[in-house]
Amino acid sequence: AKDVAKYLGATVAFIPGLVGVLVEEPFAPAARRNSLANQGRYSEIFRSSLLQLKERDGDAVAKINQWLTGLFSVEVSSISFNMDKDEFVTIRYRQDGIEYDVVSSGSGLQQIIQVLTYLYLTKPRVLLIDEPDAHLHSKLQARLGDLFRKVAADLNAQLFVSTHSLDLIDTFDTEHVIVVD
């Protein structure tokens with residue numbers, strides 16, 4: 001992504017597939033998050049990244065909740081960490097009026113939260129999203145195209161999605177699809 005960003009002269013975000021969320025995630029300050037991200041250890045900074053986004057741009061968290069409500073009928077209900085009292089970052093989501101820790105959610109929901117968090121943290125001009133349909137039911141896969149077009153428009157960014165999902169591909173006009181064999 002760094003080479004592409006340098007070549008394009010624009011901010012590029014590469015969001016890899018999610019590998020899971022830790023049951024307890026110690027707070028990671030910015031330098032630690034950057035180091036872990038560079039090592040591809042995104043599952044260790046899932047909660048800290050969402051906390052960073054909340055502190056930096058609460059409106060972006062509200063926007064993410066808008067997208068999550070449309071896709072899953074859920075919302076991130078609390079993002080909490082007290083530097084003086086807490087060791088771990090707590091992320092809870094609400095579904096059908098009941099709150100759960102984010103570790104209890106499905107991998108598809110976790111993946112969408114991760115992707116949206118990193119997109120709104122970095123606000124890239126080019127979105128490179130690799131197989132966002134993984135871990136999602138085909139009905140949700142079909143709704144991702146619309147979601148990513150809306151997010152790209154919101155961020156004023158160009159969108160590239162790599163996928164094998166026919167449900168996702170079918171959400172795009174044929175002139176926007178490039179087949180690689």
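A salt bridge is a side-chain nitrogen of Lys or Arg within 4 Å of a carboxyl oxygen of Asp or Glu. Keep that definition in mind on this tour, and remember throughout that the structure on your screen is a predicted model.

**First stop: Lys 63 and Asp 154**

Select Lys 63 and Asp 154, whose closest N and O atoms are 3.7 Å apart, and which therefore form a salt bridge under the 4 Å cut-off. Because Lys 63 belongs to helix H4 and Asp 154 to helix H6, this pair ties together parts that are 91 residues apart in sequence. Lys 63 is partly exposed, with a relative accessible area of 24%, and Asp 154 is partly exposed as well, with a value of 39%.

Across the whole structure, a search finds eight salt bridges.

Next, select Asp 101 together with Arg 47, a salt bridge in which the closest N and O atoms are 2.7 Å apart. Since Asp 101 sits in strand E5 (residues 98–101) and Arg 47 in helix H3, the pair links parts that are 54 residues apart in sequence. Are these two residues buried or exposed? Both Asp 101 and Arg 47 are buried.

Move on to Asp 57 and Lys 123, another salt bridge, with the closest N and O atoms 3.1 Å apart. Here the partners lie in loops, Asp 57 between H3 and H4 and Lys 123 between H5 and E6, so the pair ties together parts that are 66 residues apart in sequence. Asp 57 counts as buried because its relative accessibility is 17% and buried means under 20%, whereas Lys 123, at 44%, counts as partly exposed.

In soluble globular proteins, nonpolar side chains tend to be buried together. To look at such a group here, select Leu 68, Phe 72 and Ile 112, which touch the most other members of the largest nonpolar core, a set of 46 residues. Several elements each supply at least two residues of this core, among them helix H4 (58–72), strand E4 (88–95) and helix H6 (138–155). Which element gives the most to this core? That is H5, with nine residues.

Finally, centre the view on Leu 68 and, leaving aside residues up to four places away in sequence, find what Leu 68 touches: Ser 73, Val 74, Val 76, Leu 109, Ile 112 and Ile 113.

Methods: Residues are numbered from 1 along each chain as its sequence is written. This is a predicted model: local features need pLDDT of at least 70, side-chain atom pairs count only at pLDDT 80 or more; totals for chains, interfaces and linings use all residues. Side-chain values use heavy atoms; hydrogens and water are left out. A nonpolar core is a set of buried Ala, Val, Leu, Ile, Met, Phe, Trp, Tyr and Cys residues joined through side-chain atoms within 4.5 Å. Buried means under 20% relative accessible area, exposed over 50%, partly exposed in between (1.4 Å probe, protein chains only). Helices (H or I, at least four residues) and strands (E, at least two) are DSSP runs, numbered from the N terminus. Contact means heavy atoms within 4.5 Å.
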